[in-house]
Amino acid sequence: MLKANRLRAPILCLLCVLRLVYFPHSASAANPPDSPAVILIRNATILTVSHGTIERGSILIKDGKIAEVGPSINAPKDAQVIDAAGQFVMPGIIDCHSHIAAESINEGSVSVSSMVNMAEILNPDDIDIYRDLAGGVTAANILHGSANSIGGQTLVIKLRWGQPAAKLPFEGALPGIKLALGENPKRSNFSIPGQPRRYPSTRMGVEETIRGAFSEARDYKKTREDYNKRFAAGEKNLIPPRRDLRLEPLVEVLEGKRYVHSHCYREDEILMLLRVAKEFGFKVRTFQHVLEGYKVADELAAAGVGASTFSDWWAYKVEAYDAIPYNAALMTRRGVVVSINSDDAEEATHLNQEAAKTMKFGGLSHDEALKLVTLNPAMQLGIDKRVGTIDVGKDADLAIYNRDPLSAYAVVQETLIDGRVFFDRQRDIAERSGREKEKKALIEKFKKAAEKKPEDKKPDATVPIGQKPSEKKSEEEKPEEKKQEEKPKPPSASGADSKAPVLSGGAL
């Protein structure tokens, strides 16, 4: 134990050193990237999403906002000019289903964990933030996992790499809560040996769990409202209702102050939640994954529910067997607001290509495909007045590509958030050799520090008080008694020592 403690400090030191090397620009996390207040991007093919394409156009950015968009804009004095000749500028990609920047995802111990909040465990040093920036992503909906019928509270963040956790949330974006249907919350794919199964264990139980929780929330809401009325009327000696942190987020859902994002796959469970939502008077903001959405697209459109789906994932479990790559296009054609999400940090680095697949599978137009990762997810998250298109007055959240973003050969050159360059490909490439040299130098420095000279070593703490270290002999130094040499016993007929325990299954 003492030896382990002595090693702990240098190991932690090495981890800190490697963090500075592997996480680009995170050493200056307290300060945003240097960027002038005025930027002019010119000579670019501008994909506005909202009003077509502007060839050889310019975008003027002032104080983090888009100030002007057009074919010809003069650069103001002291403006930084980005010459994007031959390049394409599009709105920053918005991922409606992400788990990056989170220290943990599932509080799976209970069926209803609405009291936990993803905002409390944001990790601004998650390298996936930087990698997703390199894929043109500027905002993401950070969701709780799908282990619960009603999971934790969610939030939208901007990928402001290098900033502390408090600077990540998207200001003014309505928070959400994660619900889940199907196999995951009924835990058919997860169990702990020797432990009783957690309720629910069927799709019926999932529905009852959700209905029961919202019934409690409705009663809790009424109790609070009754108390407030009596207090306002001047009634004395009132005892306020006890706070319930599990029910308060659900009351916010009933009051329209919190969005519902629900994990789902099958058509029957999609229709089930629509019925429950109608019963309690709330609206499902998005169905996530929604792989059988094409079967109930008319019902989704009539309910005004968004669909955030994969481009072509299927058959990775039984309830995903009816997934088809035409899902997004078919729902779009039926009037559903559809987005393509990642649910995976690596997938988020090429969401532009995932959106492009809908042009092949379903025949969506170029602009319709772009909307799947820009305007549509912005609408689903209620942030479309600020992001999702390139329009005057909106946040300057932009991605600059060397080719048309829907090309398989397109690579992000720069990603801007609030008019600041948070990813620059040329800068990243130029700094790689320096970071590699720094990493090697720091590792060598650590190795030398770990090699202590004999006279520098501390006395062994295991030596009894009053005894000198030199007087303590190890077990290895004591003369061993010669034992009579034993011949190995022959194996039993069963191939194992009859006294040895028998292990079933062939492995520990």
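Phenylalanine 231 counts as exposed, at 55% relative accessibility. The cut-offs are under 20% relative accessible area for buried, over 50% for exposed and partly exposed in between (1.4 Å probe, protein chains only). This is a predicted model, in which local features need pLDDT of at least 70, side-chain atom pairs count only at pLDDT 80 or more, and totals for chains, interfaces and linings use all residues. Residues are numbered from 1 along each chain as its sequence is written, and side-chain values use heavy atoms, with hydrogens and water left out.

Rings of Phe, Tyr and Trp (its six-membered ring) pair if their centres lie within 6.5 Å; planes under 30 degrees apart are stacked, over 60 edge-to-face, and the rest tilted. The count by this rule is 10 aromatic pairs. Tyrosine 227 and phenylalanine 231 are stacked, because their ring centres lie 6.1 Å apart and their planes meet at 25°. Both sit in helix α3 (residues 203–232), 4 residues apart, so about one helical turn separates them. Helices here are DSSP runs (H or I, at least four residues), numbered from the N terminus.

Phenylalanine 310 and tyrosine 316 pair edge-to-face, 6.5 Å centre to centre with 75° between the planes. Phenylalanine 310 is buried at 3% relative accessible area. Tyrosine 316 is partly exposed at 36%. Ring pairs join Tyr265, Phe310, Trp313 and Tyr316 into a cluster.

Now the charges. One sits over a ring if NZ of Lys or CZ of Arg is within 6 Å of the ring centre and within 35 degrees of the ring normal. Lysine 158 lies over the face of phenylalanine 170, 4.8 Å from the ring centre. The charged end of lysine 360 is over the ring of phenylalanine 361, 5.6 Å from its centre.

Terms used: Helix = DSSP H or I, 4+ residues; strand = E, 2+ residues; numbered from the N terminus.
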